[in-house]
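Come and read along with me.

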Amino acid sequence: GREQLNAQTPSGVRFLGVKRVEENNNKAMAQVRAADYSVFLKEGAFTDRSAPDLLSSLLGEQEMIVHKVTKKTESDVDIRPLIFEAEVMTGEHSLFIHRVDEMYRIPKEHASYEQEYLAAQTSERIRAEGYPVVIDMKLSAGSAANLKPETVIEAMCTHANLPYDPFSFL
C-alpha cells in the first residue's frame, strides 16, 4: 500500500493516496484525464508584462496552435481546449482566470488536508526563494491528450511576442 511505496521514495516525494485499477484495464494512464501543476515565475519573467493579463489574453483566444513534437510524431495542436483551469497568484492576491467545465472538476473531498497543507507549504517556500508569482493550472493529461505546463508558458510568451526563457520558470 501507500506505506510500502513511501518507504521506497526519494527525499521530498510522498504518495498521499493509492487507488486500485480494474484488473482488465492494462493502461492506467488511459484513466487519467487531468493533472494539476504550479508554475513559479521569477520577478520579470515576462519582462514588464503582467502574468494575469498575458494568461487572460491567451485564454481569451478561440484557439492556440502550437507545434508539438513527441518521440513518434510531429504536429500542430490546438492547446486551448486542453487548458481546463488557471489561476494566477501574485503576492497575496489571487485571480481566477478560467473555470473548467463541471465534467472535469475534481470534487474537493478528493484532496486530503495533508495534500492541501503540503502544497501550500511548498508554494510558500518556493515563492520566498525568488519566484513571487505562481500560475496554478489544471491541464489535460493521460494517454489521450497530454499538455505540459511549459508548453502553456511558451505559448503565453509567443502570443505576447516575448522571448521564452525556460530558466525564469520553475
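**Entry 1: charged pairs**

I began with Arg125, which forms a salt bridge with Glu129, with the closest N and O atoms 3.3 Å apart. By salt bridge I mean a side-chain nitrogen of Lys or Arg within 4 Å of a carboxyl oxygen of Asp or Glu. Side chains of opposite charge can pair when their charged atoms come close. I note that this is a predicted model, where local features need pLDDT of at least 70, side-chain atom pairs count only at pLDDT 80 or more, and totals for chains, interfaces and linings use all residues. Residues are numbered from 1 along each chain as its sequence is written, and side-chain values use heavy atoms, with hydrogens and water left out.

Arg125 is partly exposed, at 46% relative accessibility. My cut-offs are under 20% relative accessible area for buried, over 50% for exposed, and partly exposed in between (1.4 Å probe, protein chains only).

How many salt bridges does a search of the whole structure find? It finds two. I looked up Asp36 and Lys138, whose side chains meet in a salt bridge at 2.7 Å, N to O. This pair links distant parts of the chain, with Asp36 in strand 1 and Lys138 in strand 6, 102 residues apart. Helices (H or I, at least four residues) and strands (E, at least two) are DSSP runs, numbered from the N terminus. Is Lys138 buried or exposed? Lys138 is buried at 7% relative accessible area, whereas Asp36 is exposed at 54%.

**Entry 2: helix 3**

I then turned to helix 3, residues 113-128. Its 16 residues reach 23 Å from first C-alpha to last, close to the expected 22 Å; the expected span is 1.5 Å times one less than the number of residues.

Which residues of helix 3 are buried? I found Ser123, Ile126 and Arg127. The buried residues pack against strand 1 (34-41), strand 4 (83-90) and strand 6 (133-140), where contact means heavy atoms within 4.5 Å.

Just after helix 3, I saw that Gly130 takes a positive phi of about 105°.

**Entry 3: Leu5**

Last, I looked up Leu5, which sits in helix 1 (residues 2-8). Leu5 is partly exposed, with a relative accessible area of 36%.
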